[in-house]
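Me: I would like to learn how to read the sheets and the aromatic pairs of a structure. Could we go through them one feature at a time?

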Amino acid sequence: MNGKLRKDCDSIVSESIKAVLPDTAVSKALKPFHHENGKVILVAAGKAAWQMANAAIETLGSVDDGIVITKYDHVKGEIPGLTCCEAGHPVPDENSFAATRKALKLVENLKPEDHVLFLLSGGGSALFEEPLISGEELQDITKQLLACGADITEINTIRKRLSAVKGGKFAKRCEPAQVFSIVLSDILGDPLDMIASGPAYPDSTTCEDALAIARKYDLRLSEEAEKLLHEETPKKLDNVTTLITGSVRELCAAAANQAEKLGYEPMILTDQLNCEAREAGSFLASILRTHVKDGRKIAVIAGGETVVHLTGKGKGGRNQEIALAASIGISGMKNACVFSVGSDGTDGPTDAAGGYADGDTMMELKEKGLDVFEVLHDNDAYHALEKTGGLLITGPTGTNVNDVAVALLD
């Protein structure tokens with residue numbers, strides 16, 4: 001492993017994530033929030049829920065009641081006046097359902113002068129859920145969509161219709177109270193109806209869209225679930241004000257800024273990356289091969305969210321797969337590396353935020369008896385990168401604004 005490149009990698013990852021933590025953004029977003037009369041109920045859901053709720057309480061001082069629903073191991077301590085719950089992600093579990101029922105109880109029988117402060121971040125689709133079908137079937141449908149490589153927009157289009165809170169339905173449950181929603185975006189282009197499946201935003205998708213996705217991936221659906229796909233979601237909400245506080249654009253800009261401080265010439269290719277993880281890794285490697293003889297010190301940056309089509313039963317995530325796939329193209333290059341990281345600190349069902357590979361990675365794996373192509377086919381990037389020191393582990397970060405992949409040429 002190239003020690004200098006790995007050190008630069010760690011520096012870029014650290015500074016990029018630090019730049020998109022929601023604390024300052026939430027405090028700023030709360031400036032127009034006025035609540036002279038009535039109660040204030042806080043509901044925070046998503047991977048960044050604890051961080052957002054903590055910032056809100058520090059800004060407001062207190063609320064009348066509230067709940068935080070986040071991923072396991074993401075609660076960093078007690079928050080005065082709030083109940084903190086941890087639940088399943090990316091597949092919802094019974095704790096997701098139980099916590100959501102508590103949230104719905106809090107917003108029952110509110111009055112027009114009351115306010116619901118709704119803090120939403122990525123991951124909310126699994127964490128904030130009251131299913132209209134059995135929990136077992138919802139979990140099965142979610143697993144089917146993840147395994148076949150469906151993107152987040154397709155997954156959420158289906159989940160909205162199987163839920164009592166998604167697709168604007170939570171805001172309807174809050175009526176006649178006003179909902180002030182602060183959103184940390186984790187979806188390309190910041191579509192408010194898709195972030196965490198839009199619990200407090202009118203739904204732009206249609207029944208026809210949902211049925212087309214079900215046909216595209218040949219989903220196994222019960223008669224009850226099939227019927228729900230034919231039921232339309234709210235298209236207009238009069239009790240909601242929404243503000244976006246962060247996005248993948250800021251993550252890419254922060255990566256570029258830190259790379260420049262380290263002496264690299266940064267190039268942001270896109271903040272709309274949306275393809276197979278292996279294709280993204282191969283593409284970034286090909287760019288480095290193009291410029292290897294230029295004599296330039298460059299950092300190529302791409303933000304977004306790739307997908308993984310499961311072909312094996314290994315352990316890994318999309319960011320780890322990007323890095324491992326890139327190791328093929330940069331093999332033997334002593335001055336090149338590719339790394340990719342999820343801003344939330346978790347990549348797939350692993351404790352790693354992402355992965356790192358350089359020109360030595362493929363040979364190191366070969367020396368350990370591993371073939372990169374076989375590893376990729378088995379979707380086992382985690383164990384391979386673990387053997388080369390290529391796992392990027394940050395722990396839960398408290399934010400969630402998609403992923404950033406960086407290719408460095410020293």
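Reply: Let us begin with the term that the sheets require: two strands count as paired if DSSP finds at least two bridges between them. Please keep in mind that this is a predicted model.

Me: How do strands of a sheet pair in general, and which residue stands opposite Leu-42?

Reply: Strands of a sheet pair through backbone hydrogen bonds, and they do so either parallel or antiparallel. Here Leu-42 has Leu-117 in β4 opposite it, and β1 is joined to strand β4 (residues 115-121) by six bridges, the two running parallel.

Me: In what order do the six strands of the open sheet with parallel pairing come?

Reply: The order is β3-β2-β1-β4-β5-β6, and β3 (83-87) and β6 (240-246) are the edge strands, each pairing on one side only. From one strand to the next, the twist averages 15°.

Me: Which strands does helix α3 lie across, and which does α2 lie across?

Reply: Helix α3 (residues 49-60) lies across β1, β2 (65-71), β3, β4 and β5, and runs at about 140° to β4, while α2 lies across β5 and β6, at about 150° to β5.

Me: What is the strand order in the open sheet with mixed pairing?

Reply: That sheet of six strands has the order β7-β8-β12-β9-β10-β11, with β7 (265-273) and β11 (391-392) as its edge strands. Strand β10 (residues 354-358) and β11 run antiparallel and are joined by two bridges, and Gly-354 has Leu-392 as its bridge partner in β11. Helix α1 (residues 3-19) lies across β9 (336-342), β10, β11 and β12 (403-409), at about 25° to β9, and helix α12 (residues 277-291) lies across β7, β8 (298-304), β9 and β12, at about 25° to β12.

Me: How is a pair of aromatic rings described, and how many aromatic pairs does a search of the whole structure find?

Reply: Such a pair is described by the distance of the centres and the angle of the planes. The search finds four aromatic pairs. In one of them, Phe-33 and Phe-180 have ring centres 5.1 Å apart and planes at 40°, so this pair is tilted. Phe-33 belongs to the loop between α2 (22-29) and β1 (40-45) and Phe-180 to strand β5 (residues 178-184), so that the pair links parts of the chain 147 residues apart. Phe-33 is buried at a relative accessible area of 6%, and Phe-180 is buried at 8%.

Me: What kind of aromatic pair do Phe-128 and Phe-170 form?

Reply: Phe-128 and Phe-170 form an edge-to-face pair, 5.1 Å centre to centre with 85° between the planes. Because Phe-128 lies in the loop between α5 (124-127) and α6 (135-147) and Phe-170 in helix α8 (residues 169-174), the pair ties together parts 42 residues apart in sequence. Phe-128 is buried, with a relative accessible area of 1%, as is Phe-170, with 0%; together with Phe-118, these residues form one aromatic cluster.

Me: Where does Lys-166 lie, and is Lys-166 buried or exposed?

Reply: Lys-166 lies in the loop between α7 (152-161) and α8, and is buried, with a relative accessible area of 0%. Leaving aside neighbours within four places in sequence, the residues in contact with Lys-166 include Phe-128, Glu-129 and Ser-197. A polar atom of the Lys-166 side chain lies 2.6 Å from the backbone oxygen of Ser-125.

Definitions and conventions: Residues numbered from 1 in each chain as written. Predicted model: local features only at pLDDT ≥ 70, side-chain atom pairs only at ≥ 80, totals over all residues. Heavy atoms only, no water. Phe/Tyr/Trp six-rings, centres within 6.5 Å; stacked < 30°, edge-to-face > 60°. Helix = DSSP H or I, 4+ residues; strand = E, 2+ residues; numbered from the N terminus. Buried < 20%, exposed > 50% of the residue type's maximum accessible area, 1.4 Å probe, protein only. Contact = heavy atoms within 4.5 Å. Polar contact = N/O pair within 3.5 Å; in protein donor to acceptor, adjacent residues only side chain to side chain. Axes fitted to C-alpha atoms, helices over the stretch in contact; angles between N-to-C directions.
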